[in-house]
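Please read this briefing alongside the sequence and the 3D view.

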Amino acid sequence: MSSPLTKAEVQRIARLAHLNLTTDEQDLFTRQLGQILEYAECLRDVDTTTVSATWHPGSEPGWLRADTPRESLTNDAALSNAPAPGPQGLFRVPRVVG
Amino acid sequence: MSCDGTVSSLHSAIVDGDITAAEVCETYLDRIGSVDVHLNAFTVVLHDLARAQAEEVDRMRDAWRERALLGIPITIKDVICTRDSPTTAASRILAGFHSPYDATVVKRLRSAGAVVVGKTNCDEFAMGSSTEHSAYGPTYNPWSVDRIPGGSSGGAAAAVAARLAPVSIASDTGGSIRQPAGFCGVVGLKPTYGRVSRYGLLAFASSLDQIGPMTLTVADAARVFCVIAGRDPLDATTASQPTPDLSRTLPGDATGVTIGVPYSVMEGVNQEVRSAFDTALEVLTQRGARVVDINLPHMAYAIPVYYLVAPAEASSNLARYDGVRYGFRARSDGAREDLERMYNRTRDEGFGTEVKRRIMLGTYALSAGYYDEYYVKAQRVRSLIIEDYDRAFETVDVIAMPTTPTPAFHLREHVDNPLAMYLGDIFTVSANLTGLPAISVPAGFTADKLPVGLQFLGRAFDEASLFRVGDAYEQDAPWWRTEPALAV
């Protein structure tokens with residue numbers, strides 16, 4: 001059985017996932033992800049026409065806390081791990097426009 | 001130190017003043033110093049912070065004597081945030097990251113008097129079954145250093161097995177606590193989904209992740225569980241169920257307990273693993289338990305369901321690692337840089353191959369045109385797996401199965417064949433898909449002296465039954481007393 005995944009699809013998915021894959025990685029993933037997806041084909045054998053999906057196994061509904069201000073990270077603490085902290089308490093990123 | 005290294009005996013010795021927390025801390029730091037060079041179980045050892053905490057425990061001993069983990073050295077898997085120390089997820093992309101806060105579990109452990117001695121190695125972002133996918137190199141199994149310790153919490157399991165700490169705290173998304181516990185001969189508990197706060201756990205798959213303890217004995221796991229369990233205002237999925245009263249749970253008793261075994265899914269289990277499993281069930285039968293055959297018709301689909309759902313959630317959770325707010329950012333290569341290019345190069349250089357593989361798989365399963373076919377289909381089959389377990393628990397108290405189909409495999413044995421590695425998770429992923437609690441306890445050794453794990457699953461929020469049955473078994477089968485012979 002041929003791989004259900006093409007290299008062009010791997011390139012499309014890499015763009016969506018913001019991954020700049022090398023040609024070797026593209027070849028490797030085309031083959032390996034193809035094998036995994038082929039294995040997952042067995043799920044087609046299961047009749048789920050009347051079955052609803054489970055998104056979450058939690059037995060209790062989520063709960064809310066009162067919307068009152070509480071302590072949070074300071075600006076300095078939030079920036080303390082930034083690879084390129086900018087001036088005035090901001091994160092610095094490459095130019096986006098222009 | 002005159003104690004057997006369990007939490008219970010260390011705690012008594014410290015509370016009674018037979019030994020100080022500082023002495024205990026120093027003993028374990030010394031042992032880590034001499035042994036971990038052979039195992040690579042730690043990503044960082046926190047000598048100074050641990051000593052300072054131990055000294056505080058000694059100063060406060062009389063006031064804190066009721067605290068459940070007074071002076072107990074613990075390790076934290078490196079996907080759980082600890083204040084003022086590195087948290088790397090064993091990934092290059094978080095190199096240099098120091099969390100500005102403690103995860104809720106770490107806060108609770110510290111409040112109970114525990115002393116954090118270090119962070120443990122794991123597969124990158126907890127994705128893997130062997131601890132070979134770590135930016136810090138693999139961890140080695142203390143029972144045989146040419147084998148893997150399991151994963152993703154291989155460092156945590158190796159640390160407890162090698163007596164580098166009596167407690168490791170880890171996370172379990174598809175077996176990441178139980179499988180390495182089985183491979184290293186220690187106890188590993190994955191609590192019910194919602195039992196333990198995930199605040200401060202670097203998210204892998206949010207509907208599957210749970211934090212739990214790894215220890216030498218079931219009683220120790222129960223003690224640590226009671227410290228970390230409970231509702232947390234910072235995690236809206238935590239549940240309000242009360243934690244079990246351990247004085248009514250332990251010592252364990254298997255009398256009258258009905259144990260279900262899904263014999264039909266046990267074809268292909270390694271013969272020595274099967275033999276240890278059957279012997280363990282005989283021990284429990286002699287202690288008054290009843291073993292019955294149960295049917296879990298959709299269990300064979302648990303692996304494909306898991307390997308679509310978990311990567312899908314991971315691909316979304318790991319989108320946050322983009323080189324802007326924390327961790328690694330790829331250096332400019334001189335070409336004109338824009339934001340998109342910086343994101344892509346950072347993620348390509350920062351993530352390892354297994355993480356990329358899962359991000360790719362998850363992105364594919366969630367992408368337009370494939371979402372219904374893969375992701376929604378998997379979540380529907382997940383419902384059928386949950387129904388199977390609900391039906392089984394109408395007639396049994398716990399379900400038993402081996403933790404893994406084989407003992408620990410050799411380093412690099414599956415590294416080029418991810419599907420083969422994934423298939424080894426057949427007995428562990430169901431507990432995450434269903435949210436049910438599960439515990440792995442040591443059940444003996446193969447002829448080559450490799451540990452074998454025995455797993456029990458329970459009803460939601462019924463960890464007490466797991467402790468009861470696990471402890472009852474352990475009383476007649478105290479495998480934890482056998483230590484690995486390490487060349488030190």
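Two residues are in contact if their C-beta atoms, placed from the backbone, lie within 7 Å. By that criterion, 56 residues of chain B are in contact with 45 residues of chain A. This is a predicted model, in which local features need pLDDT of at least 70 and side-chain atom pairs count only at pLDDT 80 or more, while totals for chains, interfaces and linings use all residues. Residues are numbered from 1 along each chain as its sequence is written, and chains are lettered from A and ligands numbered from 1 in the order in which they are written.

**The side of chain B that touches chain A**
- Helices H9 (302–317), H10 (339–350), H11 (353–366), H12 (371–392) and H13 (418–423) of chain B are the elements that each give two or more residues to this side; helices (H or I, at least four residues) and strands (E, at least two) are DSSP runs, numbered from the N terminus.
- H12(B) gives the most, with eleven residues.
- By class, this side of chain B has 29 nonpolar, 15 polar and twelve charged residues, where Ala, Val, Leu, Ile, Met, Phe, Trp, Tyr, Cys and Pro count as nonpolar, Asp, Glu, Lys and Arg as charged, and the others, Gly among them, as polar.

**Chain B as a whole**
- The secondary structure of chain B comes to 15 helices and eleven strands.
- The C-alpha atoms of chain B fill a box of roughly 70 × 55 × 45 Å, taken along the principal axes.
- Of the 488 residues of chain B, 61% count as buried, a residue being buried if 20 or more other C-beta atoms lie within 10 Å of its own, exposed if 12 or fewer, and partly exposed in between.
- Among contacts in chain B between residues at least 6 apart in sequence, 78% join residues at least 24 apart.

**Helices H2 and H3 of chain B**
- H2(B) (residues 21–39) and H3(B) (residues 47–59) pack with their axes, which are lines fitted to C-alpha atoms over the stretch in contact, 7 Å apart and at an angle of about 155°.
- The contact of these two helices has seven nonpolar, one polar and three charged residues, including B:Cys25 and B:Leu29 of H2(B) and B:Arg51 and B:Val57 of H3(B).

**Residue B:Ile76**
- B:Ile76, found in strand S2 (residues 73–77) of chain B, is buried, with 29 other C-beta atoms within 10 Å.
- Leaving aside neighbours within four places in sequence, B:Ile76 is in contact with B:Thr82, B:Val106, B:Val116, B:Lys119, B:Thr120 and B:Ile169.

Conventions. Axes fitted to C-alpha atoms, helices over the stretch in contact; angles between N-to-C directions.
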